[in-house]
Amino acid sequence: MVKLLDKLSGFYVKVAQVFATKYDLLPEQYVRKMSFVFENCRPLPISEIHKIMHEELGQNVFDLFIDIQSTPMACATIAQVHVARMYGLDECVVIKVQRPTSEMLMNLDMKNMILVSRVMDVLGMHLPFDHTSVLLEYQNQIPMEFDFHRERMMMETLRKSIQTKHADILIPKSIAFASSKRIITMALMPGDSVARVLSNNTHQHFNKDAIESFSRKLLTVYGHQIFEVGIFHSDPHPGNLLIAPSGALTLLDFGLVKVLSDNVRFAFAQLIVAMSSNSNHVARCLETLGIRLDNCTPELRTTIAYVLFDTRMDLPEARMNPFEKALPTEIRRLRLSKIPQEVFMLVRIVALMRGMLTAFGVDIHSRHIWAPYAKRFLKKNNNTQLISRLGNVQFTNAEERMSNLIDWLDVHSLPHERKHMAPLALANIWDVHGLVVALSNNNMYDVLRGFTTVEQNKIKLMLLSSHYQCV
């Protein structure tokens, strides 16, 4: 199986990365054997890496770099990473270089799998989950992994947001002049990958308190991303996480970053608050989020909400292997018939984190860590689903329209003082629709000159993630 995965590469390795974290479902020896998919795929020769860098950066690589290690420190499905030294910098850097055939191979895999999925739907060959929606979401998200300009913007946006609140949760700083659409040069971060720690069983060298602290930091940073920023790193597999000797957590690889619509954030916040208080409204909140379960009792529907969106392991259903033949009848009959595409990445991150927490031997419930973030988000929204709909409302006067825009900025935790709003008013932009027009005309950054670069990028991401259309 390992040899076949290595040969197939592409999207099949992407799927295997989920299974390679599932210490909660699969035998440990299987999981350890598959761990190569995180950072030990077959590398390209260093001569080819030099050629790609020359083409992308437009100059001889050794005009920028003193030396580049020939053996990659990590090699995954889309890119490989080399340690290097740059002129003018005392510290080492890492260079992430995109593999030239990976995008074509990934797209081909996706098309083939979606074709098979649609044929299965037509023939009534239903798996116990909504496989077509899952694949369509991957089809939407994976092409973004090949745009390193977008990855750098996401990385910088989240780095600046997170570092203001969490000093011991790190994200590497990128180096713009040595980066391109297929290359990212960034700081070398301290620590070892969680993939290597788990594969070598060296997590036992950390004391239990350090492991639990690290796990809480991981869950905490996702509460921050989902509810305070509205975008989140959606590929937290062990190869993308570093644990430093100090216990600091580093997030790597921002190719797969999900931008959530405000409606989904609102529904998810409601679900988290309901689960954190063990409310009898959990099943209803799950339905509001768009999850549909067939052949399911109300009690089981509530349980499945915890399995999908909480890392808790004290439920027997959380430890059940869906591929086992000896499943209880009610579980065998259960079908997850609808997973909204936008919601799937939330399911994915919980599944990945549950697997890692199980491997670490800790049972921490994400709903309790995320609940304060969810409550703040709901409070700021005043418990109303106003956000993405505001841009479509027509107003009769300028004052009302500017008030709407101020509300929209406030909901997204963005400033709206006179210095921020004056350039917008001078450009005759009074509402969110006007911002969308400015974005489409490529003059958005000029009218947003009162905002910082981080704030400008966040506004752009919020606009791109919403359903506003300029016609």
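**Entry 1**

I began with Asn295, which counts as partly exposed at 44% relative accessibility. I note here that the model is a predicted one. I placed Asn295 in the loop between β12 (292-294) and α14 (298-309). I then looked up its backbone angle: phi of Asn295 is near 55 degrees, a positive value in a residue other than glycine. I wrote down the general rule beside this: most residues other than glycine have a negative phi.

I found a positive phi at Asn278 too, about 50 degrees, and Asn278 is not a glycine. I located Asn278 in the loop between α12 (262-276) and α13 (282-288).

**Entry 2: Ser337**

I looked up Ser337 next and found it in strand β13, residues 335-338. Is Ser337 buried or exposed? I list Ser337 as buried because its relative accessible area is 8%, and buried means under 20%. I also checked what its side chain touches: the side chain of Ser337 makes a polar contact with the side chain of Asp294, at 3.0 Å.

**Entry 3: salt bridges**

I looked up the number of salt bridges, and the count comes to 14.

The side chains of Lys96 and Asp253 meet in a salt bridge at 2.9 Å, N to O. Lys96 is in strand β4 (residues 93-98) and Asp253 is in the loop between β10 (249-251) and β11 (257-259), so this pair ties together parts that are 157 residues apart in sequence. Lys96 counts as buried, at 10% relative accessibility. Asp253 counts as partly exposed, at 22%. I also noted that Lys96, Glu151 and Asp253 are linked in a network of salt bridges.

I went on to Lys165 and Glu228, whose side chains meet in a salt bridge at 3.0 Å, N to O. Lys165 sits in the loop between α9 (148-163) and β5 (169-170), and Glu228 sits in helix α11 (residues 208-229), so parts 63 residues apart in sequence are tied together by the pair.

The last pair I followed was Arg367 and Asp310, with a salt bridge of 2.6 Å, N to O, between their side chains. Arg367 is in helix α17 (residues 366-380) and Asp310 is in the loop between α14 and α15 (329-333), and the pair links these distant parts of the chain, 57 residues apart. I found both Arg367 and Asp310 buried.

**Entry 4: strands β4 and β6**

I returned to β4, the strand that holds Lys96. Which way do β4 and β6 run relative to each other? They run antiparallel, and five bridges join them. In this pairing I found Ile95 opposite Thr185 in β6. Strand β6 (residues 183-187) is mostly covered, with four of its five residues buried.

**Entry 5: helix α17**

I ended with α17, the helix that holds Arg367. I noted 15 residues and a reach of 21 Å from the first C-alpha to the last, close to the 21 Å expected at 1.5 Å a residue. Where is the kink in α17 centred? I found the kink centred on Pro372, with a bend of about 35 degrees.

I then looked up the buried residues of α17; among them are Arg367, Trp370, Tyr373, Phe377 and Leu378. In general, residues three or four places apart in an α-helix point the same way, because there are 3.6 residues a turn. What covers the buried residues of α17 includes α11, α12, α14 and α16 (341-360).

Notes
Residues are numbered from 1 along each chain as its sequence is written. This is a predicted model: local features need pLDDT of at least 70, side-chain atom pairs count only at pLDDT 80 or more; totals for chains, interfaces and linings use all residues. Side-chain values use heavy atoms; hydrogens and water are left out. Helices (H or I, at least four residues) and strands (E, at least two) are DSSP runs, numbered from the N terminus. Buried means under 20% relative accessible area, exposed over 50%, partly exposed in between (1.4 Å probe, protein chains only). A salt bridge is a side-chain nitrogen of Lys or Arg within 4 Å of a carboxyl oxygen of Asp or Glu. A polar contact is a pair of N or O atoms within 3.5 Å; within protein, one must be able to donate a hydrogen and the other to accept it, and residues adjacent in sequence count only if both atoms are side-chain atoms. Two strands pair if DSSP finds at least two bridges between them. The expected span of a helix is 1.5 Å times one less than its number of residues. The bend at a residue is the angle between axes fitted to the seven residues ending there and the seven starting there. Contact means heavy atoms within 4.5 Å.
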